[in-house]
Amino acid sequence: AERLPEVRASAFAYGRAVPSTTIPLLASTGCPYRCEFCIDWDAPYRLLSLDRLAADLRFAATRFPGTMVGFHDPNFAVKFDAVLDVMETMPPHARSPYLAETSLSVLHGARVRRLRETNCASMAPGVESWSDYSAKAGVGTTTGREKVERLVDHFRALAQHVPYVQANFLFGLDDDAGDEPIALTKAFMSATPSVWPVVNIPHPFGGTPLFARYLEEGRILSGMPLSFYYSPYLVTTLRHYGAGEFYRRMIDLFEHFTAPAMLARRLRAATSPFVGLVHLVRTRIKRGRIAAFHRLVELLEHDRHFRAFHDGESSVLPELYHAEYERMLGPFASLMSRAERTPVLGEATRTRAAGAAS
């Protein structure tokens with residue numbers, strides 16, 4: 001209720017909720033896991049006031065019935081029963097649809113059914129890697145092919161109760177090598193067509209242990225502006241892949257899960273026309289990402305200055321990135337000189353992350 005003016009300005013159209021409107025909420029802050037790539041790696045998990053959560057849910061349901069609620073918790077409902085108990089105090093017909101991101105280790109047994117009963121519209125658990133983060137995925141120390149098989153079963157069960165399920169992956173971690181990470185991810189995708197996959201590139205955000213380690217090892221592309229710390233851009237050198245090889249493997253992966261045959265399987269498995277439309281839109285967007293990968297591969301193969309930059313042999317930012325930086329800033333591009341685009345990767349930015357190694 002206190003944030004209503006900001007919510008209207010950011011998520012509504014002409015002051016009214018529309019189909020794309022999502023009302024942001026928090027049930028908790030911090031995370032119990034210490035993933036080195038995450039900016040919340042050292043933020044202790046804290047459940048916020050359950051009374052406040054109940055009031056927020058009542059207000060949203062009363063003022064904007066049927067409007068989506070988006071939980072921005074780094075790890076939703078770690079205290080699962082406490083949070084879901086509050087959500088179940090709402091009458092079934094008045095429960096707002098909601099989306100959230102959490103760990104598979106939280107979503108087990110009868111809890112999955114409670115997601116459906118509380119009107120969960122979308123859940124996005126993190127798989128991250130086939131060789132690591134297995135405790136977070138709820139499979140103990142299991143890795144490799146066995147981890148794929150166990151998570152296929154888990155995601156299929158989840159998809160029976162949640163209309164839209166997303167699986168989050170990272171490719172390019174130091175444990176990734178050779179063909180196996182791609183082969184295992186493709187096997188998972190083929191076995192779970194109803195699950196939308198998101199494949200992220202590891203980016204060393206300031207203040208994380210990943211940043212501190214990569215900086216110490218000299219693997220951050222020091223000339224790359226912070227604006228490019230998102231896909232499709234690679235801002236580090238990788239342990240087991242050159243940049244060109246990495247992007248060719250990403251193309252292979254994206255071609256697999258956006259292929260016409262895969263889209264047809266997704267549409268057949270869709271729980272509603274709206275979910276089918278989301279699959280269509282996201283497939284088209286990812287086909288555009290494939291084109292971006294191809295462009296980067298072509299430059300890596302034919303532009304020696306571009307290749308030297310991504311090999312860590314040169315800190316001179318290629319013209320492609322200057323042009324894209326200026327496109328992003330639009331009429332404000334002239335306010336940032338080329339020298340000012342270079343980030344300062346010094347002691348001040350790694351102080352917090354360095355604590356992870358102490």
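Me: Buried means under 20% relative accessible area, exposed over 50% and partly exposed in between (1.4 Å probe, protein chains only). This is a predicted model, where local features need pLDDT of at least 70, side-chain atom pairs count only at pLDDT 80 or more, and totals for chains, interfaces and linings use all residues. Residues are numbered from 1 along each chain as its sequence is written, and side-chain values use heavy atoms, leaving out hydrogens and water. With that settled, is Phe228 buried or exposed?

Reply: Let's apply the cut-off. The relative accessibility of Phe228 is 0%, so Phe228 counts as buried.

Me: And where does Arg34 fall, buried or exposed?

Reply: Arg34 sits in the loop between strand S2 (28–29) and strand S3 (46–47); helices (H or I, at least four residues) and strands (E, at least two) are DSSP runs, numbered from the N terminus. Because its relative accessibility is 57%, Arg34 counts as exposed.

Me: How many residues apart in sequence are the parts that Phe37 and Tyr133 tie together?

Reply: The whole structure has 23 aromatic pairs, meaning rings of Phe, Tyr and Trp (its six-membered ring) with centres within 6.5 Å, where planes under 30 degrees apart are stacked, over 60 edge-to-face and the rest tilted. Phe37 and Tyr133 make an edge-to-face pair, 5.5 Å centre to centre with 75 degrees between the planes. Phe37 belongs to the loop between S2 and S3, and Tyr133 to the loop between strand S7 (126–128) and helix H5 (144–159), so the parts tied together are apart in sequence by 96 residues.

Me: What is the angle between the planes of Phe228 and Tyr233?

Reply: These two rings form an edge-to-face pair with centres 4.9 Å apart. Tyr233 is buried, at 10% relative accessible area. The angle between the planes of Phe228 and Tyr233 is 90 degrees.

Me: How far over the face of Tyr214 does Arg219 lie from the ring centre?

Reply: Arg219 also has a salt bridge with Asp174 (2.8 Å, N to O), and both of these residues are buried. A charge sits over a ring if NZ of Lys or CZ of Arg is within 6 Å of the ring centre and within 35 degrees of the ring normal. For Arg219 over Tyr214, the distance from the ring centre is 4.2 Å.

Me: Which residues are linked in a network of salt bridges?

Reply: Asp174 has a salt bridge with Arg239 as well, with the closest N and O atoms 3.5 Å apart. That pair joins the loop between S8 and H6 to the loop between H7 and H8, 65 residues apart. Arg239 is partly exposed, at 48% relative accessibility. The linked residues are Glu36, Asp174, Arg213, Glu217, Arg219 and Arg239.

Note on methods. Salt bridge = Lys/Arg side-chain N within 4 Å of Asp/Glu carboxyl O.
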